[in-house]
Every structure is written in C-alpha cells, then in structure tokens.
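Here is a short briefing to read with the model open beside you. Follow the topics in order and turn the view as you go.

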Amino acid sequence: MLKVSNLSVVRGGISLLQDVTFEVQAGQALVLRGPNGIGKTSLLRCISGLQTPTSGEISAPESVAYAAHADGLKGQLSVLENLKFWADIYGGRGPEAALVAYDLEDLAQRPTANLSAGQKRRLGLARMLVTGCALWVMDEPTVSLDAQNVTKFCTVLQAHLQAGGGAVLTTHIDLELSAESLDLTGNIATAQISSSAFEEALE
Amino acid sequence: MIQLFTRDIGLAVRSGGGFGLALIFFLIVVVLIPFALGPDQSTLALVAPGVLWLGALLACLLSLDRIFGLDYEDGSLDLLATSPLPLESVYIAKAAAHWLTTGLPLALAAPLLGILLNLSFESGKVLCFSLLLGTPALSLIGAFGATLTLGVKRGGLLLSLLVLPLYVPTLIFGAQAVHSASLGQTFDIPLVLILAISLGAAAILPFASGVALRVNLR
C-alpha cells in the first residue's frame, strides 16, 4: 500500500531524515516515534504529497486521508456541515457513521467554533472516516483527547485496518494498538529500518 | 469543486465572513467624493467613470487575502491539497466564489452609486456592464496574487503591491468605456478588451496558481 525507500528530507535548509526505508501493507499501521524536530511531520507531509523529498522514492495511493496538527475545520459551520463538506470533496461515505464512531451525534448541529479542543480533534478524526481513503496519514492524532477517546480512536483505527486499510501515524503516547513502530531517533544517516524487521522482532 | 464553491459562498455570507465589506467600502468612497471635490455637478459627472471604477477596484482588493489566507491558517488548504480535488480547481472555485460575493454585488450597486456622482442612467448601464465583464478579471488576478503571497505573515501589503499593476489594464479600459459612453461615443472596443482580459486570466491563471499553491504549501 505504501512503500518508502531511501527517503531523505530537508526542511528549511536543515537535513532531517536520511535513508528512511519502510513499507506499510494493507491492514497494517506504522507508528513513527522520535523526539521533537526529528522530522516526523516532514515525513508525513512527504507521504501525503505536500512536500517533495530531496531523494528517495515514495509509492503511495493517489489520495490519502491526511490529518495534520490543524484540523482544517470551519468555526462558522456546524459539526455536521464540516463533515458533509469533506465527504463531498472526497466523494466518500456519508457523515452519519463517522458521527456515531466518535460520539458526536449530540453535537451535530453545534457550531464548530463552540467546541472544546478535544471535541474538535474528535471531529478532525471523524473526517478520516468520511474520506473513504485506504491510507490514513496522521500527525499526533491523540493530542488533546482524553483516555476514553484515545481508546475510541484505537477501536476505530483497528476497524479501519481490519477492513483492509493502512495507517501511518506519529504519537508520543502508547496506544492499545497492534502496530509496528519505527523509531527515528538517531536517524541521521544511520537508521535504515524496514517494517518486516519489526514484524520479526514482534514474533 | 462545486462543494468548495458553495461552502465558500456560505462562509462569506455567514457572520464574520466579510460579505458586504467591499460593498460598504465602495459606498463610503463614492459618498465621500462629492465632499472632497465640491458639489459642482459637471465636475462630478466628469470624474464619475474613473472614480466609480477605482472605488470598485479598491473594494475588490480588500478581501483578497481572505481567499486563501483563512484556509491556509486553519489547515484546510493542506487537507484540500491532499484530497482528490486538483489545486487548479480549488483556485477556480475560490476565485468564482470571491467574484460572486464581491465583484457581482459591486457591479450591481455601481449604477445606483453613480447617481450620487451625477452619472447619467445610460452611462450607469455601461458602468454596470463593464464591471460585470471586468470584475471576473479582478477576482482571478487577485486570487492568483493570493496564491503567490500564501504563508507570508501580514501578506496584505505585498499582495496589494503585486496585484495593483496587474489591475491597471482592466481599470484603464473599464473607465474608458464608461467615459466614452458619458460623452455619447462608442464604447464597444474597451468592453471587448476587458472581456479579453477576463477570458485570458481564466485560461492561464488556474495553472499558474496551481503551481504557486504547490510551491507555497511545501
């Protein structure tokens, strides 16, 4: 589904990642780890096609569902209108199932500007469901979620993987998720880790 | 693309969307002109075509940085760029929404405001028509400028400096058409030239803006 080989990334003139290689199959999730500023976000932006890598190759689906630090929600629109808009743009599924998945039915008519940070994040995550994309690329999806909703997120992600989807995400907390993780710490010109090596390690 | 277009119109009309800002600005400029120039009706009629076109142009300029700026700040633009929608279509949808919420109301209000400057009804019709043909060019060129200055903090100044020279031909032909009409001369050539600018902008700028967006989102 996603294949990244010998990827090098430069951002703002600073060399961040070198020779990163990994692969994500359908049904797999890959968790990227590493300290702040190592280049996790840049890697995700490369996968989403927003940024061009300096070298290396990425083969990813044409359109991916990307969730950045900013949720991309319009404060004047209601929760339902925000979801409907993204569902229309992607031509994906209707927003009802996504509302149920993140317990947003009661908030459906509320203007998004009035939501709390955690509720906004839940709406941002519900957006991933309406895109209908197979590959989810998520940058710290659990930020500002409470423990209960982190569990909910893991359940939704697990269901997505079981349906044949894939995901790449960064996080600083431990998720109750059966996923490989790729530690980018000390990556500069050293790390060259493939996910198959992690599968073996897990077994 | 239609969805983005309708969403942008909806956002512009709702509270905080800035719809009406251009119209009010235009009204203020036109109302203040007689105070600045004095009440002599023949002087006002003489400057009316130029003042009305200039007022509409400046009013159009006011909301340009919102076209992409708001979506850039809240992250929507990143998400749109990763969606199946091409960035060229994003540009077209946004420029069209800007025209419908800014250019079209200005064009329709202009003949009424022309009365304040002693512009005859016949010239008012030509003014309305020239603005209908010319404001699409203003929106298209302005939205292109907005893609170039994307991500520049307080980019409004830079945007104005970039866009104003590109607005000059439209302004010259627009004011010329109304001026000729008020003198009873033929005005079809400037109108055709305005239309040419609008069509040329619609043909070329989507591609240029697509590239500019891709570079600036990096």
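In β6 of chain A, 5 of the 5 residues are buried, so this strand is largely enclosed by the rest of the structure. Buried means that 20 or more other C-beta atoms lie within 10 Å of a residue's own, exposed means 12 or fewer, and partly exposed is in between, with C-beta atoms placed from the backbone. Strands (E, at least two residues) and helices (H or I, at least four) are DSSP runs, numbered from the N terminus.

This is a predicted model, in which local features need pLDDT of at least 70 and side-chain atom pairs count only at pLDDT 80 or more, while totals for chains, interfaces and linings use all residues. Residues are numbered from 1 along each chain as its sequence is written, and chains are lettered from A and ligands numbered from 1 in the order in which they are written.

**Strand β6 and its partners**
- A:Leu135, A:Val137 and A:Asp139 point one way from β6(A), while A:Trp136 and A:Met138 point the other way.
- In a regular strand, side chains alternate between the two faces of the sheet.
- On one pairing, β5(A) and β6(A) run in the parallel sense over 3 bridges; two strands count as paired if DSSP finds at least two bridges between them.
- Within β6(A), A:Trp136 is the residue opposite A:Ala65.
- Strand β6 (residues 135–139) of chain A is also joined to β7 (residues 166–170) of chain A by 5 bridges, again in parallel.
- A:Asp139 has A:Thr170 of β7(A) as its bridge partner.

**The sheet and the helices on it**
- Which order do the 5 strands of the open sheet in chain A follow? They are arranged β5-β6-β7-β3-β8, with parallel pairing.
- At the edges sit β5 (65–67) and β8 (180–183) of chain A, each pairing on one side only.
- Neighbouring strands of this sheet are turned by 15° against each other on average, direction ignored.
- Helix α1 (residues 40–48) of chain A packs on the sheet and touches β3 (29–33), β5, β6 and β7 of chain A. Its direction makes about 150° with that of β6(A). Contact means that the C-beta atoms of two residues, placed from the backbone, lie within 7 Å.
- Helix α5 (residues 147–162) of chain A also packs on the sheet, touching β3, β6 and β7 of chain A, and its direction makes about 145° with that of β7(A).
- Angles run from 0 to 180 degrees between N-to-C directions, and axes are lines fitted to C-alpha atoms, for helices over the stretch in contact.

**Chain A overall**
- Chain A has 6 helices and 8 strands.
- Of its 203 residues, 44% count as buried.
- Among contacts in chain A between residues at least 6 apart in sequence, 73% join residues at least 24 apart.
- The C-alpha atoms of chain A fill a box of roughly 50 × 40 × 30 Å, taken along the principal axes.

**Chain B and its side towards chain A**
- Helix α1 (residues 2–13) and helix α6 (residues 87–116) of chain B have axes that come within 8 Å and cross at roughly 35°.
- Where do the two chains meet? In total, 20 residues of chain B are in contact with 19 residues of chain A.
- On the side of chain B that touches chain A, α1 and α5 (76–82) of chain B each supply at least two residues, and α5(B) gives the most, with 5 residues.
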